[in-house]
Structures are given as C-alpha cells and as structure tokens.
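Below is a tutorial dialogue on reading the features of a protein model.

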Amino acid sequence: MELDLDVVDYIQVAVTDKKCMTILPNNDKRRVTQKVVVGDKNGVLQCFGIKKRDVNSIFKLLPGPPISSIQLGGALGTPQDKIFVASGSDIRGYSRKGKKFLDFNSNLTEAVANLWISGSDLIVGGQYVFNHFSDCVDQGYYLASDKINDIMCFPVNRKEGDGLTTVLACNDHVLRRWEREMVYRDRGWKTRPRLTQRVSVTVLLTCIRSLGTIPIIMFSLISSFCEQPIYNWEIPNESNYGGVSCLSHYDITGDGVPELIVGRDDGRVEILSYDAADEPTLRFSHNFNESVTAVQGGVVGSLGFEEVVVSTYSGWVTGLTTEHLQKKVSGNFHAGGTANAQDLVFDEETERKLETLRSEVELLQQQVENERTKHMQRTSKAVAANSNEMTHAPTFHVNDRFVLSPSDSSYKLSIEVQTAIDHIVLQSDVPIDLLDVESTSAVVSYTKNPPNPDGTPNADNFLLATYRCQANTTRLEVTVRSIEGQYGHLQAYIVPRLQPKTCVLRRYPIKPLSLHQRVHDIDESRAMSSLKLIGQFSLPEVHSWFVKCLPDLPDRTPTGDTATLHFRNIFLETQLVCTYRKGEAQVFSDNISTISILKDYLSREATLKKIALNIQYEVNDASMRGAIQLFHPKLDEQLMLAKKVQLLDALQELQTHEGNMEFLAPEYQQILEDGEDLKIKFKKQPARLERLYGMVTDLFIDKYKFKGINVKQKIPQLLETLDNYDQESLIEFFQQT
C-alpha cells in the first residue's frame, strides 16, 4: 500500500546544515503537538510549534556563530528533551523553553562537525579529531587517519552502568569502533560512508554511501562488540538519484514497525517500510528540488496525524503529513478551471491567511524599495565625488559537491545556492566531456576556444560552457567525464540573481588517475607490472605526490613508517597497489598505462623538488593479456551497439517503404523492435568507443615505451585491427609487434 502524504510549508530560516533540525519529545500529559527545533548558519536557534495551522514561536535566540549540529539529550532514563547545539568549538545546552544551562568549550582546534549526547557523556568530532567527555571532563580522544564523516553511539537505550561504544564513519571507506580507548576496524566499503543511524533496539547500524546506496550491517551485543559485523542487505541506487544526506526512523503508518526515512542531496525524500523478511520497500517519494538536510518524524501539525518534517538547504521547514488538507474555494469558474480573482470565495481561515500574506508582502516590498533608494543615493554620491568607495557585494552560501560516480565512470558536479542562479560558467584547462543530465533545465552554450595571437592552439581553455538557468532555479547538476593521464582544474563561476552582480569561483581538481577509486581488497592472482622509485624524499613528500595524483586520499600524512593503498579503476576494473615509505615508493598494477602515468607524474614532482630518482620497472607481458581481457566485454558491447545504431536508420527507412518486415532475419527484426532503446543508450554514451580505442592505443604505446621502442607508426594498423575486432587477433598484434 502506497502512502498518501500532503506537503505543508511551516517556516523558512537561513541556510541550514545537516543534522540541524529535530523534533522535541512530547512530555506534556495533555494531548498537544510536538515542537520543532531548527538552527541555521546565521547562528539563530529557534523552537516553534503549530497551533490552528499557524506557527507559534516558543523561543528564538540572537544570531551568533554558524550552528553545525543539534542533538537532544538528558539524564539516562528520563525524556531526552534537552537541546545541545554545536557552534564552532563550543557546545551549548538549552532547555525546551530556551533557557541556557550549559556553555562548554571543547578546546578542539577544529570546528565541531559531529555531536552525540548520551546521559552525561558528550561525544564531539571534528574533521580528524574525536573527543569523549563525561561531565565535561576529558575521557579520551582519537586522531583518525582520514576525515570523520559521522559518529554515533550505542546502546541507544542506555542505562546507568552501561558502557558506551562509538562508531566513526571515516572517509577512507572504513567504519571504526571506539570503546574504552581502544579502536577496532570493522570493514572497508566500496565508497566512503557518510552517515550512521540506528535502525532498532537490536542495534542495527545503517551506513550511508556517498552515491545513494544504503547498506545495513548488524553488530552483535556479545563479546563487547569484538565480533565482526553481519552484512544484511543493501538498497541500490539504480535510478542514479543524489547521494543520501540524512535518514531517520519513525512509525508513520501506526503498524508498530518504524519506517525508514531517507533524504537525498537532489531533494528527494523517500519512505520505505520493512516487509516480512525485514527488507525495505519504497512506499512514498517526493522531490523538494533542493538538498535535504534533516528528516524527522512526529506529530507536529495536527493531533492524531503523523508526519515527516523535512528541512532543506535554503532553510525551508516542511511537513509531509497524513492529514489531507482541503482547500475550500468557490466562485464563478470559466472553461479550463480558471476564475477571476474577485469572483473567488475562500473559507474564513484561508481568507485570514491570505490577508496576512498580503500584509507581509507589502511590508517586504516597502523595505526593498527603501534599501534600493539608499543604495542608489550612496552610489551616486560616490560617483559624483570620484571616490574609490565600492558598494558591498552581497554574500551568499554555495553548497557544492564533486564526486566520482562508479555507475557511469563520470564525476557528478552539483552546485546549490540559497537564492536563484542566473548563470554558471564552466572553464577547464584539461580535456573533459559534459554529459546531458535529464533533470537539468538550464540552457547550455559552448564558446569556441580562440587561438593564441601567433596562431597556435590555446591550451589554457579546453572547455568554456555557460549554463543559463530558468527562473527560480537554485540547484544545477552537471555530469563530467575525464580522461586519465590528463590533469588540471575545472572552474565554476557562479552568478546568482542578485544586485549588484556578484560571482563566486569554485575550483575542482582533475587528477591524473581520476577514474581510480580507493578499495581495501584486490585480486592477488592477477599478473602485475611494477615500478620502483628510490630517492632522498621523506614520507610526507611522497604522500603529497600521491595525493595530487590519486583521488580520495587525505592530505594528512598516514601514521607509521609505511603506507599501503589499494585502488580500482571503475571503468576498466584494473587495480593498483601503492606502497611507500621514506626514500622508497613501489607501484604495482595490471595496467601498464597506469604505471606510465604515475611514473611521469612522480618524476615531474621530484624534478620540481630537485630530488634525483632511481627508477626501476618490470613489465609483465602476462598483464597485457589480462588487461585486454578486461577491455574485451566493453569493446565488444560498444562495437555491437555502434553497428546496430548504424543499421537502424537503414532498417527504419526500409520499413517505411515496405511496411511488412517479416521477410527480414530475426536479428534485424529485433534491432527494429529495440530501436528507441538503442538510440537512448547510444546517446548516453557519447564517444565511449573512441575512448576505448584511445585506451587500447595508450596501452600499446606504453608497453613498448618501457622497452625503449617507438611504435607510433604502428598505430594505423592497430586501429584497423580494432575496426575488425577480435580478442585473439588483438592479443596477437600486441605480441607480434
């Protein structure tokens, strides 16, 4: 059974961060609705309730430093109705009436990004540092090897005397447990976990991946959490929705089993219920068209009606309620369902709300006009006096993400602004492709790269594209496809619809091995080629070189004398192992092109530092055959797709003239039946075959480059072999040359 929920807007605050909205438990013996607490980046904390469909403010504090997290707490065994707020390195506590009872400085050098309260225990986390306080006394800390994305503690229903275990979701794709000043590593994931969430009292931990997949793992309560977690199930992101930004559990159907509520970066809110096998099934979905920062369940709008309260990036607090809201409107309607405004008759409550809105709009218009007049007067005086005084550009927040998508071997660039976007200019000094995104309504135009004054090609601008957004567009998503070995930067110039005109610049690195993703397990049975570098470099220096070359690595130097990293190419599925320490670095890969790219880049970095390198390498011919076998299914599929699309036009023209096509062979009839799907698939993969040809060509050139042989004159023969592709013929060509 699908859920039928209505959308109702409650209030809009300033820009909000993740985990900055929650619902207070109802401790009143009377049947009253619950109160909502929300904090924003202006530092304003406010609590409100809904009474007769009107927002009733409980308290609203003065602006201050940006609020990064809000958590509820209280003494163990009592209602958790105390409000704890993280702002900078400070933790403040408020009662449900807004009275401050705690002002604690954690003394962290980083801003507190994650907060958890359990009785008198206070858990705070910055980017790398995690601290545990009890009664505001330091009990221990942990310095993570990579960024901490989220933290949670359990048991959740904790009693006096129970121990406390903290789970850290780290950016290196690892979940770590911290208990009694000991750290246990649980397991690595294919992508970095972003959020953790309790599912039920049996302590199920939900780990959210950056690209929307939701795996659930179980921790046993036996042996003090020393057992390995049990992997239960996973929700794949088959529709390529945005990454998961928040989640919660709440029984909105009243059947005694809490539903899973998921909020995503692209504005989608999903509600999933559990079936008899405890696996989730989608029951409801709604898109708010802007990032969702928090989701919570409760009874807020009307008594007896459960709802999900959602906060978005631009500050809207909205409800998805089970109450069906009816608009009572009568009047003289014309054809098409339209009516004159003067003929419409509203009910008393709606009329009162409309009158209030009209008054607010008139007041805002008057304020805007006054400020515009003041601005024009200041500008005129400055121009008349020939003054250097400049008008202050309006400031605005930008929420942007640039993440690797394994599903289509591309990068997803999402840019979100608190106000409407006028246009965005993308400029790149490296060859990249911009792919169409169905959800994007912006009009894109490309500017041809002008040559240098001497007529040579301009290498500074390989791409210059302008996205002109529709009215009221606050979020733009772009898919970018890069080429490994080509590195530089993608720059976005963001211009909102503000006066005076203002632009914000964002830069995103395109790294030499941009399609590699960090993993924890590799296939050790594969044949590998190797590269060894020896020189007078330190561990931090060589680590910084790998950070510039490979994605998903922290800037912080790893602990210990030796570091080992594993990567997988998400397009070709080849693998890479990097081991380095002071004075020595070793690289192993089943793709010789990967080793060639690393050799060139690391040599360049060492030359800039004036460090002499002793370079040793070993090319394993067996790895060539393995690499071609990995190429084979992709080459075969793309060649077949291109052949079918090429035949499709001729077959469709023949069908137009002949009508009945039963005389054709079954394979041609099947091409006609799948015509639309073939065109859509071909359109989604532009230049994919050319990219594969380029990769095979690079593999061929790099193999013989390490042997000191120039084989560029053999490239036409290689391309001819690829046009008449056969796997064994290609392998034979590599060996005979």
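This is a predicted model: local features need pLDDT of at least 70, side-chain atom pairs count only at pLDDT 80 or more; totals for chains, interfaces and linings use all residues.

Q: How many helices and strands does the protein have?

A: Helices (H or I, at least four residues) and strands (E, at least two) are DSSP runs, numbered from the N terminus. The protein has 9 helices and 45 strands.

Q: What share of the residues is buried?

A: Buried means under 20% relative accessible area, exposed means over 50%, and partly exposed lies in between (1.4 Å probe, protein chains only). Of the 737 residues in the protein, 48% are buried. The accessible surface, computed by the Shrake-Rupley method with a 1.4 Å probe, comes to about 37,000 Å², and carbon and sulfur atoms hold 50% of it.

Q: Which residues touch the most other members of the largest nonpolar core?

A: A nonpolar core is a set of buried Ala, Val, Leu, Ile, Met, Phe, Trp, Tyr and Cys residues joined through side-chain atoms within 4.5 Å. The largest one has 84 residues, and L426, F546, L635 and L730 touch the most other members. Helix α7 (residues 688-705) gives the largest share of this core, 8 residues. Another core, of 17 residues, lies apart from it and includes I148, F154, V167 and C170.

Q: What is L730 in contact with?

A: Contact means heavy atoms within 4.5 Å. Beyond its neighbours within four places in sequence, L730 is in contact with I628, L635, V696, L718, T721, L722 and Y725. Across the protein, 56% of the contacts with a separation of 6 or more are between residues 24 or more positions apart.

Q: How does the span of helix α3 relate to the expected one?

A: The expected span is 1.5 Å times one less than the number of residues. Helix α3 (residues 592-608) has 17 residues and reaches 25 Å from its first C-alpha to its last, close to the expected 24 Å. Of these 17 residues, 12 are buried, including I595, L598, L602 and E605.

Q: Which residue does E605 pair with in a salt bridge?

A: A salt bridge is a side-chain nitrogen of Lys or Arg within 4 Å of a carboxyl oxygen of Asp or Glu. E605 pairs with R604, with the closest N and O atoms 3.2 Å apart. E605 is buried at 5% relative accessibility, whereas R604 is partly exposed at 40%. The whole structure has 25 salt bridges, and K599, D600, D702 and K705 are linked in a network of them.

Q: Which parts does the salt bridge between D422 and K501 tie together?

A: D422 and K501 meet at 3.7 Å, N to O. D422 lies in strand β33 (residues 421-428) and K501 in the loop between β38 (488-496) and β39 (504-510), so the pair ties together parts that are 79 residues apart in sequence.

Note on methods: Residues are numbered from 1 along each chain as its sequence is written. Side-chain values use heavy atoms; hydrogens and water are left out.
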